[in-house]
Amino acid sequence: MVAIDRRSLLIGATALAAAPARAATPELRLRLLETSDLHMFVYDFDYYHSKTDPTVGLAKVASLIAAARAEHRNALLFDNGDIIQGNPLGDFVARPGGLAAGQPHPMFAAMNELGYLAATLGNHEFNYGLPFLEQALQSAKFPFVCANLEHMDGTPYMRPTMVITRDVMLEDGSTLHDFRIGVIGFVPPQIMSWDKSKLEGRVRTTDIITAAQRYVPELRATCDLLVALSHSGIDTGPRNTGLENASFHLASVPGIDVIFTGHSHRVFPGPDYANRPGVDAVRGTLNGIPAVMPGYWGSHLGLIDLDLERVDGAWKITDFKVEARPIYRREGAKLIALADDDPAILRAAAPAHQATIDWVHQPVGRIAYPVNSYFAYLGSENSIGLVNLAQTAYARAALATTDHAALPLLSAAAPFKAGGTGPDAFVDIAPGPITLADLADLYMYANTLVVVKLSGAEVRELLERSAALFNQIDPAKAEPQELLSRTMLGYNFDVISGLTWLIDITRPARYSGGGKLINAEAHRVLDLRFQGQPIDEAASFLVATNNYRADGGGGFPGLDGTRSILNAPDLNRDVIALYVKSTELQTPPPTTWRFAPIGRPVQLRFRSSPAFADKLAGRPDITPGAGGNDGYAEYLLTLD
Ligand code: MN
Ligand code: MG
């Protein structure tokens with residue numbers, strides 16, 4: 001069988017763009033559908049906050065799939081991996097004894113309702129270890145392929161490729177028997193470090209492009225259409241061996257007709273990938289090959305419509321259209337659902353879903369001290385500290401076998417929930433059992449852990465930028481002064497564990513609330529120490545943080561996405577859950593910062609929760625004030 005020629009495909013595409021009025025009906029039309037990175041989101045539900053979430057869920061995608069099938073006679077559905085992990089439902093099923101022998105895994109029970117043609121493995125399939133994965137896969141009523149995962153003896157871990165035959169209806173209304181769809185799948189080779197303890201000595205990965213070059217020619221020769229299921233994003237940089245996001249370079253491997261991408265949790269075609277050479281972010285092509293990425297957690301359905309003609313006995317793509325269809329849209333702050341839940345999908349996972357809701361309110365660990373965010377802006381406190389302890393433990397283990405292991409490791413976190421969105425929006429976890437729902441309170445955002453490498457001087461700048469949270473205080477004033485600037489949001493107040501420092505709020509801020517350098521002479525961060533010694537500004541430090549901050553969120557000096565040395569595959573929230581599960585939390589995290597002494601008493605006013613009044617035992621420097629509005633109560637801090 002002759003392969004579809006990329007050159008003629010490109011020429012065809014160009015000709016079509018110039019002459020959109022092409023009239024001829026193609027011989028065959030196919031519609032390929034993709035889900036990817038579903039991560040256990042069957043329901044449109046947020047387990048951490050126990051409420052519906054219209055931006056997620058296979059049940060909603062299922063309605064889009066039904067509509068896409070109703071529009072098209074030859075629609076074929078694929079999944080691109082990251083299926084069995086990603087929310088408490090996944091953890092619930094994967095816990096010891098969570099899946100009885102012969103019991104269907106709820107995600108596959110739901111997916112089985114949809115008639116998938118084939119799927120591949122994502123990196124998160126390995127998070128619970130191979131025995132659980134293999135047990136879970138037994139309940140999938142559709143085949144999996146993965147071409148770059150091997151047993152230690154070099155034999156494939158599973159089918160690298162397969163050819164699936166289907167009867168399809170031609171445009172003239174006749175049936176074409178046994179149309180041959182070739183499928184090949186790829187997983188990021190990085191699973192060997194991300195899940196080292198579960199995989200080392202059991203399996204090994206190979207480079208995605210190398211595996212494609214090995215298997216595509218043979219597959220090409222035995223199929224009419226070749227679909228690559230690439231659980232890998234779109235990196236247009238150099239083609240390094242072991243590339244994590246290899247879908248762009250995969251498009252240069254001759255013989256591949258269509259690429260389903262994923263892993264990066266983005267939408268393609270779309271503006272995230274604009275202005276990259278070789279990428280058409282509007283039409284949806286990588287190096288001329290149609291490709292799609294359908295967001296994450298069921299946010300989108302990927303569609304690739306193909307027109308095909310038989311030329312010398314081989315099927316050739318003559319036109320195509322790529323689309324990522326969302327299940328919701330935003331109208332200002334409002335979310336508008338664009339799809340209804342498919343009740344059959346919900347039903348398939350209902351028992352595990354209900355049990356998970358109960359489970360998140362059960363203890364995952366114990367903590368011997370209270371954790372709250374009431375003191376987040378008043379000198380270091382332990383809600384940020386707990387996040388930093390967890391990030392440090394995770395990063396230390398993840399970097400242990402790398403060249404970076406010898407560098408000092410710090411960790412940065414900000415108070416996400418410290419009154420910013422309402423008078424009750426504080427973390428307040430009592431000593432005793434701690435639940436997954438508590439952890440969601442502690443870490444509200446679905447960030448992933450990232451480690452950046454910075455100099456001591458750059459670390460100091462991060463703290464200066466954070467210190468913009470405070471107004472400049474006049475020590476001569478007798479009347480109370482407003483402590484917190486209204487121009488800065490608390491989630492940009494990063495506190496860095498592993499260091500100690502003072503913040504002198506009588507000095508002007510070096511940075512604006514938005515992160516702009518406004519006073520190059522000003523310094524508020526004093527006496528910055530690492531291991532008790534003044535910080536070496538020329539030394540290198542690693543800082544565990546999150547993808548938002550590392551990629552430039554909050555406008556922190558020096559952080560623009562280029563300083564990252566580890567982009568972990570795990571959510572910071574899961575990192576904390578892991579820490580709480582595995583660690584005795586007996587003593588509060590060490591103190592990091594406090595206000596520099598002023599030399600004479602000044603009164604500082606701030607607003608907090610009315611419930612804060614109950615937390616003031618042992619803090620004679622903080623007293624309830626008279627004012628307050630919008631449900632907040634006013635307090636006074638005396639500093640001298
Ligand atoms: Mn994913
Ligand atoms: Mg992934």
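Guide: The lining of the second largest pocket consists, by class, of 15 nonpolar, 10 polar and 6 charged residues. The model is a predicted one, and the description that follows should be read accordingly. The space in this second largest pocket comes to about 840 Å³. Its lining is made up of 31 residues, and those closest to the pocket centre are Asp46, Asp53, Thr55, Trp297 and Arg330. Two strands, S3 (51-52) and S19 (328-331), each contribute at least two residues to the lining of this pocket.

The domain assignment divides the chain into domain 1 (24-355) and domain 2 (362-472 + 486-590). At least three residues from each of these two domains take part in the lining of the second largest pocket. Taken over C-alpha atoms, the centres of domain 1 and domain 2 are 35 Å apart. Contact between the domains involves 10 residues of domain 1 and 11 residues of domain 2.

The largest nonpolar core holds 147 residues, and the members that touch the most others are Leu58, Phe108, Leu121, Phe144, Phe470 and Leu499. This core lies between domain 1 (24-355) and domain 2 (362-472 + 486-590), because both give residues to it. In soluble globular proteins, nonpolar side chains tend to be buried together.

The largest cavity contains about 60 Å³ of space, and its lining is formed by Ser373, Ser383, Ile384, Val387, Ala413, Ala414, Pro415, Phe416, Lys417, Val427 and Leu442. Helix H11 (residues 382-399) contributes the most to that lining, namely 3 residues. By class, the lining of the largest cavity has 8 nonpolar, 2 polar and 1 charged residues.

The second largest cavity has a volume of about 30 Å³. Its lining residues are Ala412, Ala413, Ala414, Phe416, Tyr491, Asp494, Thr545, Asn546 and Arg549. Strand S23 (409-413) and strand S32 (540-546) are the elements that give two or more residues to this lining. In terms of class, the second largest cavity is lined by 5 nonpolar, 2 polar and 2 charged residues.

One further residue deserves mention. Arg563 is located in the loop between helix H14 (547-550) and strand S33 (564-571). Its relative accessibility is 25%, and it therefore counts as partly exposed. Apart from residues up to four places away in sequence, Arg563 touches Val451, Val452, Lys453, Leu454, Glu458 and Gly558. Arg563 and Gly98 are 465 residues apart along the chain, and their C-alpha atoms are separated by 40 Å.

Conventions
Residues numbered from 1 in each chain as written. Chains lettered and ligands numbered in written order. Predicted model: local features only at pLDDT ≥ 70, side-chain atom pairs only at ≥ 80, totals over all residues. Heavy atoms only, no water. 1 Å grid on protein atoms, 1.4 Å probe; cavity = no way out; pocket = protein on both sides within 12 Å on 5 of 7 lines; lining within 4 Å. Points joined across faces, edges and corners; volume = space filled by probe spheres on them. Helix = DSSP H or I, 4+ residues; strand = E, 2+ residues; numbered from the N terminus. Nonpolar A, V, L, I, M, F, W, Y, C, P; charged D, E, K, R; others polar. Domains from an automatic or database assignment. Core = buried A, V, L, I, M, F, W, Y, C linked by side-chain atoms within 4.5 Å. Buried < 20%, exposed > 50% of the residue type's maximum accessible area, 1.4 Å probe, protein only. Contact = heavy atoms within 4.5 Å.
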